[in-house]
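Here are my notes on this model, as numbered points. Please read them with the structure open.

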Amino acid sequence: MRFQLNIAFGTERYPEKVARRLRAVNITVWIAAPVAAAFALFQAVTDFERLKVLAAVNAIGAVVWASIPLLHRYNALAAPLTLAGSVYVSNFALCAALGTGSGIHLYYIAAAALSVLFLGVERRALSIVVVVIGAVLFVAANLFLPYDTGLVPPSTLMGNFVVSAAVSSGILFFVVFYAVRQLARAEAALEREYARSEALLTNILPPAVALRLKQDKEKVIADSYDEASILFADMAGFTARAADTLPVKLVLFLNDLFSAFDQLVERYGLEKIKTTGDAYMVVSGVPEPRPGHAEAIARLALDMRAAVNSIAETSGRALSIRIGISSGPVVAGVVGTKKFFYDVWGDAVNVASRMESTGEPGRIQVSEATYLKLSDKFEFEARGEIEVRGKGRMRTWFLIGPKPAPSPARTGP
């Protein structure tokens, strides 16, 4: 945890994208500073009179690099540019004093390679300038500086080369590893958010419709269906009871009830359209047509009624549900551009709504169109003609349940 806090030193006030770059700068300088300090101490102890220039350059570099994270307080460029400039100057001075055999000029490659990471891709011109300066200094060191100035023994020069190669490679490895790890974490977070958005979208829209909407090839999504069945359900007397119920308890009750309904809808492969207050709307045969749409929604209605009865017994509360069903042609589509929703329209939808509102508590009222589709598989009780607003008098039936399976034929005496 302490290491994480050190890496983030001075970067807390920046946006995460910038802070990641500045944390990489911190990693670099806190690797380079101890190495430079160790060289300064070694050179001072070994032969201060002869190596005092090297010791001084390394000591100054160690102090400057250790202090670079303090520059984050000014702006996002102060630390990276100071790092690049100080590395370029100190490396050329050390390489001139020892020779290219020390490998110190290798740091130019690391500094140039990391400049884009430190400065950001949005500052392409500045990054290119830093890279070009590093490349020019690297080439200049090889062309114009001696391989060995004789200031240190060949074995020490070779040791410097090994350390320079190891440290420059180490800096590149750790900084790039950190950057790739941060990128992987960002991608994982993005994938989680994408999956969450996908789940939310498919909770709002049917998956097939959601796919069409994402492809953005259709400005208006509207489909007509020759055959579908619609169900409306409403808790009888719920509005009156809601006035005497605590809001939290009311919401928890509806959540439990509608969650049970949602599971049933998923079991039968139907499409929940919406909930309004304590009302619940489901469609069968949309958005994917299915031959047995009326049978599926009838079985759903029976299971919904059973679920309400079970909740009533468990909670000790008097609960009753009215359900209305009708069948016929419908149109379905996406409405709106903000807080859009998938809905179904048509005369069958209006009739299903009237079947629910004119029904009786605890019963499932169906229109004649639905009755004709189910009369051979389900038992009904005729209600007769009732007055339906906007439709006049209509014959309706109450759904009782599935007809018992016929007894198998006898094959023996």
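1. A word on terms. Helices (H or I, at least four residues) and strands (E, at least two) are DSSP runs, numbered from the N terminus. The model is predicted: local features need pLDDT of at least 70, side-chain atom pairs count only at pLDDT 80 or more, and totals for chains, interfaces and linings use all residues. Residues are numbered from 1 along each chain as its sequence is written, and side-chain values use heavy atoms, with hydrogens and water left out.

2. The second largest pocket. H6 gives the most to its lining, with 5 residues. H2, H4 and helix H6 (154–204) are the elements that each give two or more. The lining has 13 residues; Lys17, Arg20, Arg21, Leu117 and Ala179 lie nearest the centre of the pocket. By class, the lining holds 7 nonpolar, 2 polar and 4 charged residues (Ala, Val, Leu, Ile, Met, Phe, Trp, Tyr, Cys and Pro count as nonpolar, Asp, Glu, Lys and Arg as charged, and the others, Gly among them, as polar). A pocket is an open set of points on a 1 Å grid over the protein atoms alone, where a 1.4 Å probe fits, with protein on both sides within 12 Å along at least five of seven lines; lining residues have an atom within 4 Å of a point.

3. The H2 and H4 contact. Arg21, Ala24, Val25 and Thr28 of H2 meet Leu114, Leu117, Phe118 and Leu119 of H4 (contact means heavy atoms within 4.5 Å). The classes here are 6 nonpolar, 1 polar and 1 charged.

4. A cis bond. The peptide bond from valine 286 to proline 287 is cis, with omega near 0 degrees. Proline 287 sits in the loop between strand S3 (279–284) and helix H10 (293–315).
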